[in-house]
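Reader: I'm new to reading protein models, and I'd like to know where the labels come from. Could we go through one together?

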Amino acid sequence: MKGTIKDLLKVSGVHGYAIVREKNVQIKLPSKHKFSGAKNNIKMLYDSLVSARNRPGNVVEIFLEDMVLTIFISGLTMMMVMSSTRVNLALLRMTGKLVLANIAKETR
């Protein structure tokens, strides 16, 4: 597995993702998804998480009633993956870390 966005979207239960780097926000979700128009909210989340100095790790998981937000952070790059509650979280974490590592490598 190379860790590309296509690999991430092949994980069963993944709805889509958002990639944020400083002022750029790229959101790929189904048009009727409740987070599809949340660009400002995702940017506020980015601002609060990236600036945190004492973050215990680079993966943050937020469990909601009907979905899981898994947030991967590397330097100034944040990737948020929206998935169902039935997703294989271990596979999602592993694939997400690989994808973010590739994104960070490309932006250097």
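Reader: Let me start with Glu 22: what makes it buried, exposed or partly exposed?

Author: Keep in mind that this is a predicted model. Glu 22 has a relative accessible area of 43%. Buried needs under 20% and exposed needs over 50%, so with 43% Glu 22 falls in between and is called partly exposed.

Reader: Where is Glu 22 placed?

Author: Glu 22 sits in the loop that links β1 (14-21) and β2 (24-28). Its phi is positive, about 50°, although Glu 22 is not a glycine.

Reader: Now over to Thr 77. Why is Thr 77 called buried?

Author: Its relative accessible area is 2%. The cut-off for buried is under 20%, so Thr 77 at 2% counts as buried. You'll find Thr 77 in strand β5, residues 77-83.

Reader: What makes the pair of Thr 77 and Arg 21 a polar contact?

Author: Their side chains come to 2.9 Å.

Reader: What about Val 81 and Ser 83: how do you know whether they are buried or exposed?

Author: Val 81 has 0% relative accessibility, and Ser 83 has a relative accessible area of 0%. Buried means under 20%, so Val 81 and Ser 83 are both buried. Val 81 is in strand β5, and Ser 83 is in strand β5 too.

Reader: Which residues touch them, apart from those up to four places away in sequence?

Author: For Val 81 the contacts include Leu 8, Tyr 17, Thr 70 and Phe 72. For Ser 83 they include Gly 13, His 15 and Met 67. Val 14, Val 68 and Leu 92 turn up for Val 81 and again for Ser 83.

Reader: How far is Val 81 from Met 94?

Author: They are 13 residues apart in sequence, and their C-alpha atoms are 12 Å apart in space.

Reader: Which residues in the largest nonpolar core touch the most other members?

Author: That core has 17 residues, and the ones touching the most other members are Phe 35, Ile 42, Met 78, Met 80 and Met 82. Two or more residues come from each of β1, α2 (39-50), β4 (68-74) and β5. The largest share, four residues, belongs to α2. There's also a second, separate core of 15 residues, with Val 11, Val 14, Ile 19 and Leu 89 among them.

Reader: What does Met 78 touch, beyond four places in sequence?

Author: Its contacts include Ala 18, Ile 42, Tyr 46, Leu 49 and Ile 71.

Reader: How many helices and strands does the chain have?

Author: Three helices and five strands. From the N terminus on, their order is α-β-β-α-β-β-β-α.

Reader: And why is the chain called as compact as a globular protein of that length?

Author: Its radius of gyration is 13 Å, close to the 13 Å that the globule rule gives for 108 residues, so the chain is as compact as a globular protein of that length. The C-alpha trace spans about 30 × 30 × 25 Å along its principal axes, and 40% of the 108 residues count as buried.

How values were computed
Residues are numbered from 1 along each chain as its sequence is written. This is a predicted model: local features need pLDDT of at least 70, side-chain atom pairs count only at pLDDT 80 or more; totals for chains, interfaces and linings use all residues. Side-chain values use heavy atoms; hydrogens and water are left out. Buried means under 20% relative accessible area, exposed over 50%, partly exposed in between (1.4 Å probe, protein chains only). A polar contact is a pair of N or O atoms within 3.5 Å; within protein, one must be able to donate a hydrogen and the other to accept it, and residues adjacent in sequence count only if both atoms are side-chain atoms. A nonpolar core is a set of buried Ala, Val, Leu, Ile, Met, Phe, Trp, Tyr and Cys residues joined through side-chain atoms within 4.5 Å. Contact means heavy atoms within 4.5 Å. The radius of gyration is taken over C-alpha atoms; the globule rule is 2.2 Å times the number of residues to the power 0.38.
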